[in-house]
Structure formats: structure tokens, C-alpha cells
Amino acid sequence: MMSGVTEVNVELAVAVVSAVFSLGAGIFSARANRKAREFEHELERRRKAEDEVATALRILRQYRDPLLDAAHTLQSRIYNIVRNSYLNIWLRCGDPEQERYARDYTVYALAEYLTWVEIVRRELRFLDVGDEEHNRQLMALLMQAQLTIQDSTWLTGPFRVFRGHQRAIAEVMMVPTGAPDGPRRECMGYAAFCDRLDEDEDFRAWFDRLRREVDELVERDRDDRLVRLQNDLIDLIDHLDPKALRIPAQFRHRLPQPPSVSPGVPTQATPRA
């Protein structure tokens, strides 16, 4: 009788131990599966983040040179207007073709810059470029130039364009590239710009005031807005091309800035060297 009870106890003990091991194995397996899922989720998150960074850096590389070129074109035109009396010479030269070029290419240079800024803004707005400090500096420099252009409190005179108008000008200047890969939009060229001015009244209306203000610049000894904008653009060029590989240093001369008349005057986004 005792032997039978012992056998039952042994079988019960074996069953209990087996159940405990099964339960433990189940718990371990569930934890392992959960850890594996968490690990896979973390890997996917990192892959996605890396893909976003790679995409953002690719966009920056694709658009850096057009933005750099547009910034240089505009700062160079401003420098020639203020320092070399460009408009005084060519807007009154007696040659209608040269006079139109002096007027309309000045407007085009501003519009081209605004267009590439807007393209970069649209392409990067949902992406993280990875290097937060570099990205912060770029956005701050673009914002500083925007504030200089739109300021109506401390900077008076021609070429004041409010933020919404800046983006609208960029919108009408954009053209699709049609490329399956690479930049999806770019800025129209100067020849197309002139054709649109001649043929499209709605398009021309966006630029009528700026074209008139080019003529007003001839009558002014200096324009503080343009001087500040030229310095803002040099800051941007220094940021985009710090080693002066694309824009040599001898083409980065700064116009002397007017003294600040109030703490509210737009200031440079980053300290100058």
C-alpha cells in the first residue's frame, strides 16, 4: 500500500516539476519574444532615423550649390549697387536693353534667392538632418536674411518684402524638374523670367513694385536694408562654403554696416569671425 502511495507521490511530483518547468519555459519564451520584438522595433526605428538623415543630407547636398550660387549672385549685385554705383551707371546709360537688364536682373537675383530658400525649406521641413547644431545655424542664417528683407520698423526704403510675399514670389518662380530622382523643383532661369514678365500680367504683378524700387535706389546714397542683407548673405555663404572652395574669399567683401539704432534692429544670427 505504501509503495502505491509513493508511486503516486512521485508521479505527482514529476507532474508538478514538469508543469513548473513548462510554465517557466513559457514565461522565458514570452519574455524572449517580447525582447526580440522590442529589439526589432528599435532596429527599425534606427534604420528609419538613419534613412531620414541620409535623405536630408542628400537634399542638402543637392540644393547647397544652387542656394550658395543664388546667395552669391544677390550679395554681389547688392555690393555693386552700393559700392560701385552700378544702377547709376547702367539704368541711365541710354541703351534700353542694358537698362532693362540692370533693373530686371536685380529683381531676378532677389527672386532666385527667395526661391531656393523656399525649396530647401519645403524639402527639409519633415526631416532631421542629424547634425542639430549645423542645422540650427543654417536655419538661423536663413531666418536672419528673411527678417532683414521683411523688417519695416528699423530698416526703411526699397526692397521690403514681407514673409508671405517672399514665399509667394518663390512659389511663382518654381518650376518642376521632371526628374525621377534628385531635385523635384528648381528656379526658372532669367530668360524665362523675362518672357513671363512680358507675357503674363498676373506674374508681372508680383514684381512691379520691386522693379519700380530699383529705380528709386538710384536716388538714394545708400540703403541700410541692402547693406544688412549683403552681410547676412556673406554669413550664409561662409556657412555653406566654409573652406571657400566654391566662392573664393576675394569675392566675399562685406559692405560696412550701419550702426544699430535700437536693440530691436535685426542682428546677425551667428557671431562673425
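**Entry 1: aromatic rings**

I began with the rings, and a search of the whole structure turned up 11 aromatic pairs. I am working with a predicted model here, so every value in this notebook is computed. A pair of aromatic rings is described by the distance of the centres and the angle of the planes. I picked out Tyr101 and Tyr105, whose rings are 5.2 Å apart centre to centre, with 15° between the planes. This aromatic pair is stacked. Where do Tyr101 and Tyr105 lie? I found both of them in helix H3, 4 residues apart, which is about one turn of the helix.

**Entry 2: H3 against H6**

Helix H6 covers residues 190–199. I looked up the two axes: they come within 11 Å of each other and cross at roughly 105°. H3 and H6 are therefore roughly perpendicular to each other.

Next I noted who takes part:

**Entry 3: H3 against H5**

I then followed H3, residues 96–124, to helix H5, residues 163–173. Their axes are 8 Å apart, and the helices pack at an angle of about 90°. That angle makes H3 roughly perpendicular to H5.

On the H3 side, I listed Tyr108, Ala111, Leu114, Thr115, Glu118, Arg121 and Arg122. On the H5 side, the contact is made by Gln166, Arg167, Ile169, Ala170, Glu171 and Met173. I sorted the residues of this contact into 6 nonpolar, 2 polar and 5 charged.

**Entry 4: the largest pocket**

I turned to empty space next. Rolling a probe the size of a water molecule over the atoms shows where such space is left. The largest pocket holds about 310 Å³. I counted 15 residues in its lining, and the closest to its centre are Val117, Arg121, Leu142, Met143 and Gln146.

H3 gives the most, with 6 residues. By class, the lining has 9 nonpolar, 2 polar and 4 charged residues.

**Entry 5: the cavity**

Last, I looked for cavities of 30 Å³ or more, and the search of the whole structure found 1. The space in the largest cavity is about 40 Å³. I noted its lining as Leu74, Arg77, Ile78, Ile81, Thr106, Phe159, Leu217 and Leu226. Helix H1, residues 2–84, gives the most to this lining, with 4 residues. I put the lining residues into classes as 6 nonpolar, 1 polar and 1 charged.

How values were computed:
Residues numbered from 1 in each chain as written. Predicted model: local features only at pLDDT ≥ 70, side-chain atom pairs only at ≥ 80, totals over all residues. Heavy atoms only, no water. 1 Å grid on protein atoms, 1.4 Å probe; cavity = no way out; pocket = protein on both sides within 12 Å on 5 of 7 lines; lining within 4 Å. Points joined across faces, edges and corners; volume = space filled by probe spheres on them. Helix = DSSP H or I, 4+ residues; strand = E, 2+ residues; numbered from the N terminus. Nonpolar A, V, L, I, M, F, W, Y, C, P; charged D, E, K, R; others polar. Axes fitted to C-alpha atoms, helices over the stretch in contact; angles between N-to-C directions. Parallel < 35°, antiparallel > 145°, perpendicular 65-115°, else oblique. Contact = heavy atoms within 4.5 Å. Phe/Tyr/Trp six-rings, centres within 6.5 Å; stacked < 30°, edge-to-face > 60°.
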